[in-house]
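These are my notebook entries from an afternoon with one model. I went through it element by element and wrote down what I looked up.

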Amino acid sequence: MHKPTIQDVARLAGVGVGTVSRVLNNHAAVRDSTRQTVLSAIHQLDYVPNPHARRIAGGKSYTISILLPVVTTEFYVRLLDGLEAAFQEARYDVAIFPLLDRARLERYLGSHTLAYQADGLVMATYNLTQMFTDNRLRDQQPVVLVDAYAEGVDCARMDNHLGGVLAGEFVAQQAGHLYAIWVETELDQIFTSRVFEERSAGFHESLTAAGRSTTAELTSSFDPHAARTVAARFLDGAEFPATVFASADLLAGAVLDEAHARGLKVGTQLKVLGFDDQPWAAARGLSTLHQPVEAMAYEAATLLLSRLSGHRGPPRVRTFEPKLVLRSSTGEAK
């Protein structure tokens, strides 16, 4: 049986092979009517592009490199889901580079690695563009930041300062002692994220405006075991009634676990507010700041894909706003 070719698609659609190729590559320079005609022909013939031939013919890798701190936390799993959904729709493969330590980062910065062979680059949470020296980033390789902001590059970011403000405004209204637990902002002291700095700044602005202050603040690494240890230390020294803002749901969950283990009355004796609204937060009754992680990631991918399709405009910034979701951990009815 004859396997349909790109030439067959072009003949049925009444267009040139180059037009079919542009449709397959999701290129912007194709009329909507022509695009629909080509897509209809592809569907009729049940044509499946040969990815290897596509790469050779186009002189492109059809791969996107994603640099992110870790891949094991819920936030980054959700971020990857949003990125991969958009890239797969556009028929791009994804190469993931977790930045776990200094040696790995330096290896990724080497010009021979896939990060430079890919057609585009996503940097999650951290802006590493200043670390790519000696022109190792090719001019034709567009970059997008997700969960981060920097001038001169496309960004899809969360308004973490606003999230901190909302958290501070809520916490300031609560009776008793106020506490906060923050995520460490450095990864192997290589580079710094402003995410938690912005949350902290907004939080303290709100408390100051309300004439309130925290009794104590603690810091934890972004690790479940470390978070549980810090949660225990917090509760050892806490004065009740107390309200704690944990700057990530991972930390808030650890506080809930430790509080329940000690028989504390969560929602009255101890109120807990997180940040992220992870998929498990509703089931556990955790009040938190909801952030649309998947939508932010999808938008970042869309910005990058538009560059790959020929967009040459100035850098664009897409900002997403977190929203306060109140549940039983702060006394709200389930």
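**Entry 1: a strand pair to start with**

In which sense do strand S3 and strand S4 pair, and over how many bridges? I looked at S3 (residues 120–124) and S4 (residues 143–146) and found the parallel sense, with four bridges. I also picked out one position along the pair: Ala124 has Val146 of S4 opposite it.

A reminder to myself before going on: this is a predicted model.

**Entry 2: the six-stranded sheet**

I read the order S2-S1-S3-S4-S5-S13, six strands in an open sheet with parallel pairing. At the edges I found strand S2 (93–98) and strand S13 (317–320), each of which pairs on one side only. From one strand to the next, the twist averages 15°.

Then I asked what packs on this sheet, and I noted helix H12 (residues 293–308).

**Entry 3: H5 against H12**

Helix H5 (residues 74–89) and H12 have axes that come within 7 Å and cross at roughly 40°. That angle makes H5 oblique to H12. I put the crossing down as right-handed, with H5 passing H12.

Which residues make the contact? From H5 I wrote down Phe75, Arg78, Leu79, Gly82, Leu83, Ala85, Ala86, Phe87 and Glu89. From H12 I wrote down Val293, Glu294, Met296, Ala297, Tyr298, Ala300, Ala301, Leu304 and Leu305. By class, the residues of the contact of H5 with H12 are 14 nonpolar, one polar and three charged.

**Entry 4: H8 against H9**

I turned to another helix pair. Helix H8 (residues 160–172) packs with helix H9 (residues 195–209) at an angle of about 35°, and their axes are 6 Å apart. H8 passes H9 in a crossing that is right-handed.

On the H8 side of the contact I noted residues including Asn160, His161, Gly164, Val165 and Glu169. On the H9 side my list includes Glu198, Arg199, Phe203, Ser206 and Leu207. How many residues of the contact of H8 with H9 are nonpolar, polar and charged? I got eight nonpolar, six polar and four charged.

Val244 has Val272 in S11 as its bridge partner.

**Entry 5: H10 against H11**

I stayed with H11 and looked at its contact with H10. The axes of helix H10 (residues 224–237) and helix H11 (residues 249–261) come within 8 Å and cross at roughly 55°. The two helices are therefore oblique to each other. H10 passes H11 in a right-handed crossing.

The H10 residues I noted include Pro224, Arg228, Phe234 and Leu235, while the H11 residues include Leu250, Val255, Asp257 and Glu258. I counted classes for the contact of H10 with H11 as 12 nonpolar, no polar and three charged.

I found a cis peptide bond from Phe240 to Pro241, with omega near 0°. Pro241 sits in the loop between H10 and S10. I also marked Asp46, a residue other than glycine with a positive phi, near 55°. Asp46 belongs to the loop between helix H3 (32–45) and helix H4 (51–58).

**Entry 6: confidence**

I finished with the pLDDT. The chain has a mean of 85, and 82% of its residues reach 70 or more. Over residues 133–138 the pLDDT is below 50, and this stretch has 12 contacts in the model beyond near neighbours in sequence. Where pLDDT is low, predicted coordinates should not be read in detail.

Methods. Residues numbered from 1 in each chain as written. Predicted model: local features only at pLDDT ≥ 70, side-chain atom pairs only at ≥ 80, totals over all residues. Heavy atoms only, no water. Pairing = 2+ DSSP bridges. Axes fitted to C-alpha atoms, helices over the stretch in contact; angles between N-to-C directions. Contact = heavy atoms within 4.5 Å. Left-handed = near helix turned anticlockwise from the far one by under 90°. Nonpolar A, V, L, I, M, F, W, Y, C, P; charged D, E, K, R; others polar. pLDDT = per-residue confidence, 0-100. Parallel < 35°, antiparallel > 145°, perpendicular 65-115°, else oblique.
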